[in-house]
Number of protein chains: 2
Amino acid sequence: MAATGVSGLDLYVKRDNGSWHWLGIGKPDSIENTVTLAEGLSQSPREYLLYLPLYNGIEFVKIGVPASFMIEPVPSDPRKPIVFYGTSITQGGCASRPGMCTTAILGRRFNREFINLGFSGNGRMEPEVAELFAELDPLVYFIDCLPNMAADVVAARVEPFVKILRKAHPDTPIVLAEDRTYDDAFLIENKRLRNMESRKALRIAYENLLNSGTRNLYYQIAEGQLGDDGDGTVDSSHPTDLGFYRQAEVYQLILENIIKGSSSGL
Amino acid sequence: MAATGVSGLDLYVKRDNGSWHWLGIGKPDSIENTVTLAEGLSQSPREYLLYLPLYNGIEFVKIGVPASFMIEPVPSDPRKPIVFYGTSITQGGCASRPGMCTTAILGRRFNREFINLGFSGNGRMEPEVAELFAELDPLVYFIDCLPNMAADVVAARVEPFVKILRKAHPDTPIVLAEDRTYDDAFLIENKRLRNMESRKALRIAYENLLNSGTRNLYYQIAEGQLGDDGDGTVDSSHPTDLGFYRQAEVYQLILENIIKGSSSGL
């Protein structure tokens, strides 16, 4: 993974037409970095969005502007955020910049806060995590943990996890996502089986939840999430920037449908 | 740039339908690396394509297969290759894998040899380089050097370069490509000027060549090469995997048109 994704800052600016556009990268080259994110800008007021690193933590970020400029925080968005829970893929491995992971792309498209709770190697849907997630009050819960869960774990944990969220939030839409297809699964039997078995377990859990009366529960199929030419991943599992872009296209559709169908939180 | 792009190997396989599909990455983690590119394959005969690293040189690559398998070289393609000459962008910075640079993507789509003569920081169209390039006999020369050449250098070197190639190859199609737009040029004046001035110089050189009777000369405009959302580059200049994909889409069109219109070498 590129250092710009692991440890970089990523700056976007809102254009006059209201859309977000990339503006500058803070390339890291040591533990503490001082970088120019952008220079030569005219003095019009603009809204900026700064993404923090995808993997490395930060101790502090200080932003400097020339003396003739001023900078002030944008008021918080009062609308509910969309929460993603998942694995290294959700977290943003292997994006080349922090603004290129799926939740970042979607956040700009929806112009709404997305909370990225991707935990590299640890998206496992434990009940303790469900209790913590239930403390949030999002517009949508989007759960994309299958790449970190084999079929037996899926069978054991998905239903209890959803029930804990549902108890705290009777109506909040919840999406259960199938895992992205391994990009070598078309030729390698054990990868194909791994995809197939965990999806089968997820589908059963989903149907059990529906049959027990759970509503506002959505299902994101695997097909097409990262494309089908093999160029959606770096290593059969983690997206290239092209893969993240494709995944955002797919997730945008289901989220738009959910938001259109939702009576609250818009 | 990710180590998998700088120093990795990248394996593709031809599927039954004739299209190339990614199969495995050789991740580097030291000076000398031993990696499993793919395992668990069935024993059918298949054609493979192995890309060498985009930046680091190699001393040797040895390929091992299980004793029950065999491997042999594919016969050389007798058809003429397509030659790209350019900068770090042509060379493949910042692709996450060697198979994701523009010439690699196009090579798979056309199923034809592409020779990548991208020289990071050094695509400058010197007459000495033209003499060397004239020794090749490609189907098409695609020249994409503007990111390494300011307007005065463009004005001085493009016409002599083309004339040297043209002398050796009276009919071979030559493409002169405008540079990709800096992804922050919409807001940063000196980037916009840099793009604009070198393109103006290229356009003049192109028209002078046409007016002096040069034929089979093509011009690739800048617009849309990497998209217009800012997510086509890592750093305003070097493509993300999404940017390479978009550039391949654009270059595919002009190359298809040239090949369709060409009477030779198909």
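This is a predicted model: local features need pLDDT of at least 70, side-chain atom pairs count only at pLDDT 80 or more; totals for chains, interfaces and linings use all residues.
Residues are numbered from 1 along each chain as its sequence is written, chains are lettered from A and ligands numbered from 1 in the order in which they are written, and side-chain values use heavy atoms, with hydrogens and water left out.

Within chain A, one may begin with an open sheet of three strands, whose order is E2-E1-E3 and whose pairing is antiparallel. Strands are DSSP runs of E with at least two residues, helices are runs of H or I with at least four, and both are numbered from the N terminus; two strands pair if DSSP finds at least two bridges between them. Strand E2 (20-26) and strand E3 (48-51) of chain A form the edges, each pairing on one side only, and the twist from one strand to the next averages 25°. Strand E1 (residues 9-14) of chain A is joined to E3(A) by four bridges, the two running antiparallel, and A:Val13 has A:Tyr48 in E3(A) as its bridge partner.

Chain A also has an open sheet of five strands, in the order E5-E4-E6-E7-E8, with parallel pairing. Its edge strands, each pairing on one side only, are E5 and strand E8 (217-220) of chain A, and neighbouring strands are turned against each other by 15° on average, direction ignored. Strand E6 (residues 140-144) and strand E7 (residues 174-177) of chain A run parallel and are joined by three bridges, with A:Phe142 standing opposite A:Val175 in E7(A). Helix H5(A) packs on this sheet, touching strand E4 (82-86), E6, E7 and E8 of chain A, and its direction makes about 165° with that of E7(A). Such angles run from 0 to 180 degrees between N-to-C directions, and the axes are lines fitted to C-alpha atoms, for helices over the stretch in contact. H7(A) lies across E4, E5, E6, E7 and E8 of chain A, running at about 145° to E6(A).

Which helix packs against helix H5 (residues 151-168) of chain A with an axis 8 Å apart? The partner is helix H6 (residues 189-211) of chain A, and the two pack at an angle of about 30°. That makes H5(A) roughly parallel to H6(A), a description used for angles under 35 degrees. The contact involves residues including A:Val154, A:Val158 and A:Val162 of H5(A), and A:Ala201, A:Leu202 and A:Ala205 of H6(A). By class, the residues of this contact divide into nine nonpolar, two polar and three charged. In chain B, the axes of helix H5 (residues 151-168) and helix H6 (residues 189-211) come within 8 Å and cross at roughly 30°.

Helix H7 (residues 241-261) of chain A holds A:Tyr245. Leaving aside its neighbours within four places in sequence, A:Tyr245 is in contact with A:Ile105, A:Arg109, B:Asp229, B:Leu242 and B:Arg246.

Some backbone sites deserve a separate look. Most residues other than glycine have a negative phi, and most peptide bonds are trans. A cis peptide bond, with omega about 15°, joins A:Gly93 and A:Cys94, and A:Cys94 is placed in the loop between helix H2 (88-91) and helix H3 (102-110) of chain A. In chain B, a cis peptide bond joins B:Gly93 and B:Cys94, again with omega about 15°. A:Asn111, a residue other than glycine, has a positive phi near 50° and is found in the loop between H3 and strand E5 (114-118) of chain A.

Technical notes. Angles under 35 degrees count as roughly parallel, over 145 as roughly antiparallel, 65 to 115 as roughly perpendicular and the rest as oblique. Contact means heavy atoms within 4.5 Å. Ala, Val, Leu, Ile, Met, Phe, Trp, Tyr, Cys and Pro count as nonpolar, Asp, Glu, Lys and Arg as charged, and the others, Gly among them, as polar.
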